[in-house]
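Trainee: I've got a model open in the viewer and I'd like to learn how to read it. Can you walk me through a few features?

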Amino acid sequence: ICIQSVEMSMQVELDKYYTNETLLSWVGILSSALKVQTQGGEDHASWKVRKTALRLCGKLFHYLSVISAYRKSPTIVAALKALSEKIMNIVQPLCEFIDSSRLTPGKIPERVLAQALRTLSQALTADACVTIIKPYFNQLVFETLLPLLSTPKDIQDSLKDDPIEYIKEESEESDWGVRAEAERVIKTISRLTVDSTQPFVLTLTNRLIEWFTKNKEVLTNSQPSAQVIRELSCILRLLTAVAEILGEEDELPECIIPLFQTHLPPLILNPPSPHIHYQLAMLLQRYLIYLPEDMVPVSTLSTILTSLMSSPLLCLQYAGLVFLSSALSTHPALQTSITNVQSLLKQIFELSSQLPLESTLAALHAVLKGLGDSLGTHRADCILSLLINWQSLLGAGSGDQDEATRLSEGRERCLEAVHSLVKSAKNWQSSPQVEEMLVKVLNQSIIAHDEFSTERIVWKLAPDICTNIEKKLK
């Protein structure tokens with residue numbers, strides 16, 4: 001009842017509490033709520049108190065970060081000072097609660113732990129909280145958060161049984177859950193230490209090189225234990241998550257280069273499991289743009305691509321498609337090593353129909369653009385396949401709004417790829433099959449009230465592909 005009262009009072013605009021003791025009384029109540037003894041399952045009242053308190057702490061941290069921007073007001077300065085002195089009473093039990101997930105795995109319900117991590121992210125937006133937590137950044141990242149990046153067994157099993165679900169869970173687009181929230185905290189800490197005298201990247205590199213050196217023999221000469229593979233999986237996900245932060249200057253810090261020169265290549269060429277194979281491919285494609293071109297020769301890229309595309313697992317073929325889309329942009333010479341363009345195109349179009357994800361089509365579009373002149377006479381076949389994909393995406397879906405948005409984005413990608421293929425051709429010559437399919441697609445977009453597609457086809461595609469298209473419409 002007490003915590004619900006705090007929640008109801010917080011629904012009033014927070015700025016009405018500048019001048020009284022309400023904010024400080026909230027801190028006291030939330031501090032007590034974070035320490036309440038829990039029992040039973042997630043539906044037990046004690047867990048509900050913890051979860052609600054965590055969410056309200058996040059709201060308070062956000063408020064603290066907002067009012068920090070208005071230090072000129074004496075009233076706000078006083079409120080800020082009072083809050084900053086008491087905020088330790090919330091921050092400390094919050095960090096202890098998250099750390100307990102390491103000491104007693106599985107005891108904290110997943111949704112409660114995810115909420116705690118989100119609250120910690122919000123705390124890191126407030127200077128007063130950062131000052132308290134900063135001395136424990138390394139401990140927090142490497143001892144508490146890193147193990148939380150582990151991929152649950154049921155998701156790993158879906159790699160074979162439900163590839164679409166596996167790809168969605170492994171993507172960084174997922175914005176809720178323990179792994180996603182742990183990644184968000186790690187990224188925030190990484191950015192907060194960029195300009196410090198001991199930046200996060202140095203500690204990260206030293207820790208990872210130490211781990212790879214310790215496990216070198218196990219990783220290269222024998223079958224690693226489940227524990228080693230779990231730790232490796234967490235490390236790869238951590239490296240993938242901080243790629244953009246490490247490469248903010250368009251090149252990687254020198255201290256991290258040895259990871260890609262010495263420790264990762266043997267694993268990339270001989271991965272210990274399909275899950276690690278997938279993670280390594282997605283990691284390398286993310287870093288290709290930052291690595292010196294001569295560090296990853298075309299022959300190595302070709303070997304990696306072959307190992308992925310020849311796999312019977314759709315998830316690894318998908319990773320191969322994404323990897324190829326990145327490699328063609330950073331190493332254009334790779335297209336000359338593709339000996340059978342027709343076979344590759346057939347495989348990736350089949351893959352795009354089996355995994356109708358927006359990311360699949362985005363990668364397909366990038367690959368077609370990257371292949372350029374290598375497409376040759378296959379250009380018209382590619383356009384035909386893209387229009388067929390557009391048809392399948394129009395008829396798919398269960399009516400869910402998120403699903404409808406995803407399918408719409410997929411159709412947009414298809415039309416963008418068609419447009420790109422036509423415009424990049426030196427001497428484009430259409431074919432009756434392509435014109436016939438385009439007319440079908442346009443009719444369907446009109447009937448389905450897909451205004452975006454209709455406009456795209458009429459104004460951008462039709463004039464280039466079809467002659468006298470208005471006469472061919474029903």
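Predicted model: local features only at pLDDT ≥ 70, side-chain atom pairs only at ≥ 80, totals over all residues.

Trainee: Then is aspartate 99 buried or exposed?

Mentor: Aspartate 99 has a relative accessible area of 15%, so it's buried. Its side chain meets that of arginine 102 in a salt bridge, at 3.1 Å from N to O. Arginine 102, at 33%, is partly exposed.

Trainee: Where do arginine 102 and aspartate 99 lie?

Mentor: First the general idea: an α-helix has 3.6 residues a turn, so residues three or four places apart point the same way. Here, both arginine 102 and aspartate 99 belong to helix H5, three residues apart, which is about one turn of the helix.

Trainee: How many salt bridges are there by this rule?

Mentor: The count is nine. Take glutamate 42 and arginine 111, whose closest N and O atoms are 2.9 Å apart. Glutamate 42 sits in the loop between helix H2 and H3 and arginine 111 in helix H6, so this pair ties together parts 69 residues apart in sequence. Glutamate 42 is partly exposed at 22%, and arginine 111 is partly exposed at 46%.

Trainee: And which parts does the salt bridge between glutamate 170 and arginine 237 tie together?

Mentor: In that salt bridge the closest N and O atoms are 3.5 Å apart. Glutamate 170 is in helix H10 and arginine 237 in helix H14, so the tie is between parts 67 residues apart in sequence. Glutamate 170 and arginine 237 are both buried. Salt bridges with shared partners also link Glu170, Arg179, Glu183 and Arg237 into one network.

Trainee: What about a charged residue without a partner? Which side chain of opposite charge is nearest to arginine 50?

Mentor: That's glutamate 96, 8.6 Å away; a salt bridge needs the nitrogen and oxygen within 4 Å. Arginine 50 is buried but has no salt bridge. You'll find arginine 50 in helix H3. Beyond residues up to four places away in sequence, arginine 50 touches Ala33, Leu34, Lys35, Val36, Thr38 and Phe97.

Trainee: Now the rings. How many aromatic pairs does a search of the whole structure find?

Mentor: Five. Tryptophan 211 and phenylalanine 212 make an edge-to-face pair, 5.2 Å centre to centre with 90° between the planes. Tryptophan 211 counts as buried at 12% relative accessibility, and phenylalanine 212 is buried at 2%. Tyrosine 287 and tyrosine 290 are edge-to-face too, at 6.5 Å and 75°. Tyrosine 287 and tyrosine 290 are both buried, and together with Phe260 they form one aromatic cluster.

Trainee: How do I read a pocket?

Mentor: Rolling a probe the size of a water molecule over the atoms shows where empty space is left. In this structure, the second largest pocket has a volume of about 990 Å³. Its lining has 36 residues, with Leu146, Pro147, Leu148, Ser150 and Cys234 nearest its centre.

Trainee: Which element gives the most to the lining of the second largest pocket?

Mentor: H14 does, with six residues.

Trainee: One more: which residues of H8 are buried?

Mentor: Phe137, Leu140, Val141, Phe142, Thr144 and Leu145. Among the elements covering these buried residues are H5, H6, helix H7, H11 and H12.

Key:
Residues numbered from 1 in each chain as written. Heavy atoms only, no water. Phe/Tyr/Trp six-rings, centres within 6.5 Å; stacked < 30°, edge-to-face > 60°. Buried < 20%, exposed > 50% of the residue type's maximum accessible area, 1.4 Å probe, protein only. Helix = DSSP H or I, 4+ residues; strand = E, 2+ residues; numbered from the N terminus. Lys, Arg positive; Asp, Glu negative; His and termini not counted. Contact = heavy atoms within 4.5 Å. 1 Å grid on protein atoms, 1.4 Å probe; cavity = no way out; pocket = protein on both sides within 12 Å on 5 of 7 lines; lining within 4 Å. Points joined across faces, edges and corners; volume = space filled by probe spheres on them.
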